[in-house]
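Have the picture open and follow along.

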Amino acid sequence: MFWNLPFIAVATLSLIGLATVVTKKNLIKIFLGINIFEAAVNLFLISLGYREGGIAPIFTSAPSTDMVMATPQALTLTSIVIGVATSALLLSFAVIIWKKYGTIDTDQIRRLRE
Amino acid sequence: MRMSKLVRTGADLLYPFALIFGLYIILHGHLTPGGGFQGGAVVATGAAIVIVAWAYEDVAGMIRKVTMKAQESAGLLLFIGTAALALGLGYAFFTNVLANSGSLFGLSVPFGPNPGELNTAGVIPIMNIAVGIEVWGGLTVILLYLLSGLNKKEEGS
Amino acid sequence: MKRGLVVLTFVILAGGLLLIPALLDFGMPAFSDMDDYFLKNGQEQTAANNIVTAVVFDYRGFDTLGESVVLFTAVVGVGLMFRRMLKEEEYEDE
Amino acid sequence: MNGFLMTNAPALLIMLPLIGAFATPFIGRVSPRVRSAWVLLIMTLTTLTALLLASDVFLNGTQIYVFGAANPDLAIPLDSGGIPIRIIFTVDAMSALMQVIGAITGFAVLLYSISADRIHSGLESFYTLFLLMIAGIMGMVSTGDLFNFFVFLEILSISSAGLIAYRIDGGLAVEAALKYFILSTIGAMVILIGIGIYYGEYNALNIAMIASRMQFTLLDQIALVLIIAALAMKCGSVPMHFWTPDAYSMAPSSITAMLVVASQASLYGLFRVVFTLYNVTLNAMTVGWIIIILGVLSMVVGVTMAIPQKNVKRLMAYHAISQTGYMLLGVGVGLAVLGNQPLMESFGYIAMEGGIFHIINHAMYKGLLFLTAGAIFFRIGTYNLNKMGGLGHSMKYTMIFFIIGALAIAGIPPFNGFASKLMIYESVFAFNPVLAVIAMVVSILTLASFVKVFHSIFMGPKLPEYETVQEAPVPMLIGMGVLAAIVILFGLFPQPVVDGLIAPAAHALADQSGYIAAVLGGA
């Protein structure tokens, strides 16, 4: 199924991202794993809208009217902005943790365990 | 941490270009690829370059958190206000009341490829501008906050 | 025990995700009526050449409001994290 | 004017808290008093809108609202060939019920919070996030569009994460928020994969549209598993429950009470996906049993973990997991017999009604319990049960409210917990007696646990270090009183509530074709 390469890339990327989240101990690396997973989901959404031979759905000086679907691109845009917002809040949490605990190693961020 | 004079001058020179390019993307969102989010992100990147090149103390004077926050809220209020405009005219929330109306951004467009006309698309350009203002303020203020948070640690330790 | 659970979830998830490329055909969507409607009527209804923008701000404008609100929420949250704390707020709870 | 309100109520329900949130940072600069008044005004208006909309829905049936259309009632444009193209809010009886829960709890919690959180800094941001949380809950429960659901889910998780970390607390609160936020981000992304699968298969995002095209292929099964797993995690059901005690115990008490409602909004999403999106196309017995097993595990694990806890809020959080199990159990039994009309009539609907009634009851009494824990913390500054004692002498009203909440959660007769638990016992007994016995045992353990907590907080001689402790401030008592009054009212007169609110909600949830017809017209 060579023509399904984008979907295979989606599966691989999400597994890489999730594996990073599960196995890594450094908070920043965990956030990178989440970002990779988000990228995989965005790639999945955008590949859903592709139609063979289609061009971007913009009519300004368009060479043809055979266009790909527009909704997935809008959804991806929304999802990207949500990802940015998520990363910002996660990073600020990491900064506070670093300031208060002096570490960003998840093995040592265990003070809540009772 | 202040970078070398070369980097600082370069950043200052780049900033207006980033600003103008971002504003172009915002304003032409309904005609070419781009829009409020993308343009706002470009402008915020310009601000980020300046923030990286200069020290936090210098930037805090140039780009103020309070103004950026106010700008963000103002953008959002403009956005929701544009959307609520339709409610006042008796349509549903988010109706594009200005499209094809002949007034502001109100020229109509026939189906098919065309060279593009700026004065079209109704409320979409207004919303693009609103979102652009919001993203500009929002991303910049996030950067400033993170930077100020990191700075405090250095003072303390 | 916990490790095993994580691995088990992971294997199930991997299986599910790898089934997607086997079942969905890239470039040949089964239905496309909603997007055909946007492409056909979007230009006349919203007077915007860029159909993605028309979808983002007109047909699905409410999502975009939600998305801006997400960014606003994140900014407020980040601001809350780096606020100046009062003295009496600093307590350690057992 | 009245017509305008009626037509646009679903949009106003989201708009009001959003506008309130955007303006709060500005208004907060004037003075704290003005800010409190503003937030209270917005919350009152939102509550009134929710009640108005709910009354409309319960009287006139499902309301839809099409964003961006010239006419908000016209779901399908005339030239589109029968497909909805815009975002549609579909408010049926179940959504209206959840809106009422969110609005009433939000209102009571806000009254409490204005007095309880007074001493903190950054309150403009606190109330901004509070209003955004309300907007997120309202959006999640009223939307009829899957991607819109995801967007509101993200608004809810980001604002909740910010609020959980609010007290910072030497990093402990941030740690809890981090745990919650990483899990909910991954959960939301998994949900988005599921939504993408639906989109790729059916080229639709509207729930009614997907439901009408649903074929239950292998891909749909994958999507179902992904979405159930993610939403079960977000509502704190057992295999992924470990964020719950941390987040609930580290958040300010007022926010913890809202987090209960937030997790129920995720529960609503789970029920909506299973019942409205799939309904009889899925193998109801299998999925029903999966949900029942999740529920039973949550009940048992929650209550056994709760008993040895030393921190009163952690203890209550484990009880919250256990009570979520009851809702899953009730609705799961309803799902297991879905499609089998005689069984549905004999006990299926009652089980679903019991589960749904438990949602509203749980929001009320668990909110009340968390608020009493917050009131105690407000006066003595600790959650540790070993350090408490003898507070019954000085905090009489708080003690009374605690007793009401504790008896309600344990399912003792004159309170609302009994009414819903009785419905669950009866119907589950008809389905499978073992499950009913487990549910009763868990209830007894809950009672035992709360008797112990009550004893160590309020009984005994007055401790010397709490000599000067006073009763909680009046606004906090009013906030708790609102919830306590509802707990007692629902407990004394369960039948009108069940007939008027719960039964329509349960039937609306089970009735997929009614939901589709409300959006797509015809059937």
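## Starting with one residue

D:Ile404 is buried, because 25 other C-beta atoms lie within 10 Å. Here's the scale: 20 or more other C-beta atoms within 10 Å of a residue's own makes it buried, 12 or fewer makes it exposed, and anything in between is partly exposed, with the C-beta atoms placed from the backbone. You'll find D:Ile404 in helix H14 (residues 396–410) of chain D. (Helices, H or I with at least four residues, and strands, E with at least two, are DSSP runs numbered from the N terminus.)

Which residues does D:Ile404 touch, leaving aside neighbours within four places in sequence? They are D:Leu368, D:Phe415, D:Ala484, D:Val487 and D:Ile488. Being in contact means that the two C-beta atoms, placed from the backbone, lie within 7 Å. D:Tyr127 sits 277 residues from D:Ile404 in sequence, and their C-alpha atoms are 29 Å apart in space.

## Before we go on

This is a predicted model, where local features need pLDDT of at least 70, side-chain atom pairs count only at pLDDT 80 or more, and totals for chains, interfaces and linings use all residues. Residues are numbered from 1 along each chain as its sequence is written, while chains are lettered from A and ligands numbered from 1 in the order in which they are written.

## Two domains in chain D

Chain D is assigned domain 1 (1–281) and domain 2 (283–492); such bounds come from an automatic or database domain assignment. Their C-alpha centres are 23 Å apart. Where they meet, domain 1 of chain D brings 33 residues and domain 2 of chain D brings 41 residues.

Now look at the domain 1 side of that contact. Helix H3 (93–116), helix H9 (243–250) and helix H10 (253–278) of chain D each supply at least two residues there, and H3(D) gives the most, with 11 residues. This side has 21 nonpolar, 12 polar and no charged residues. For these classes, Ala, Val, Leu, Ile, Met, Phe, Trp, Tyr, Cys and Pro count as nonpolar, Asp, Glu, Lys and Arg as charged, and the others, Gly among them, as polar.

## A helix pair inside chain D

Two packed helices are described by the angle between their axes and the distance between the axes. H5(D) and H10(D) pack at about 160°, with their axes 11 Å apart. (Axes are lines fitted to C-alpha atoms, for helices over the stretch in contact, and angles run from 0 to 180 degrees between N-to-C directions.) The two helices are therefore roughly antiparallel. The cut-offs go like this: under 35 degrees is roughly parallel, over 145 roughly antiparallel, 65 to 115 roughly perpendicular, and the rest oblique.

On the H5(D) side you'll see D:Phe149, D:Leu156, D:Ser160, D:Leu163 and D:Ile164, which meet D:Ile255, D:Leu259, D:Ala262, D:Ala265 and D:Gly269 in H10(D). That contact has eight nonpolar, two polar and no charged residues.

## Where chain D meets chain A

Here 28 residues of chain D are in contact with 26 residues of chain A. H6(D) gives the largest share of the chain D side, 16 residues. That side splits into 18 nonpolar, seven polar and three charged residues.

How do the axes of H2(A) and H6(D) cross? Helix H2 (residues 27–48) of chain A and H6(D) have axes that come within 10 Å and cross at roughly 10°, which means H2(A) is roughly parallel to H6(D). Among the residues making this contact are A:Phe37 and A:Glu38 of H2(A), and D:Met189 and D:Gly196 of H6(D). The contact of H2(A) with H6(D) has 13 nonpolar, three polar and one charged residue.

## Where chain D meets chain C

This contact takes 48 residues from chain D and 41 residues from chain C. On the chain D side, helices H4 (123–142), H5 (146–164), H6 (172–202) and H8 (218–234) each give two or more residues, with H5(D) providing the largest share, 10 residues. By class, this side has 26 nonpolar, 17 polar and five charged residues.

## A last stop in chain C

C:Val52 belongs to helix H3 (residues 51–59) of chain C. Is C:Val52 buried or exposed? It counts as buried, because C:Val52 has 27 C-beta neighbours inside 10 Å. H3(C) is mostly covered, with nine of its nine residues buried.

Not counting residues up to four places away in sequence, C:Val52 touches A:Pro57, A:Ala70, A:Gln73 and A:Ala74. C:Leu39 is 13 residues from C:Val52 in sequence and 9.5 Å away in space, C-alpha to C-alpha.
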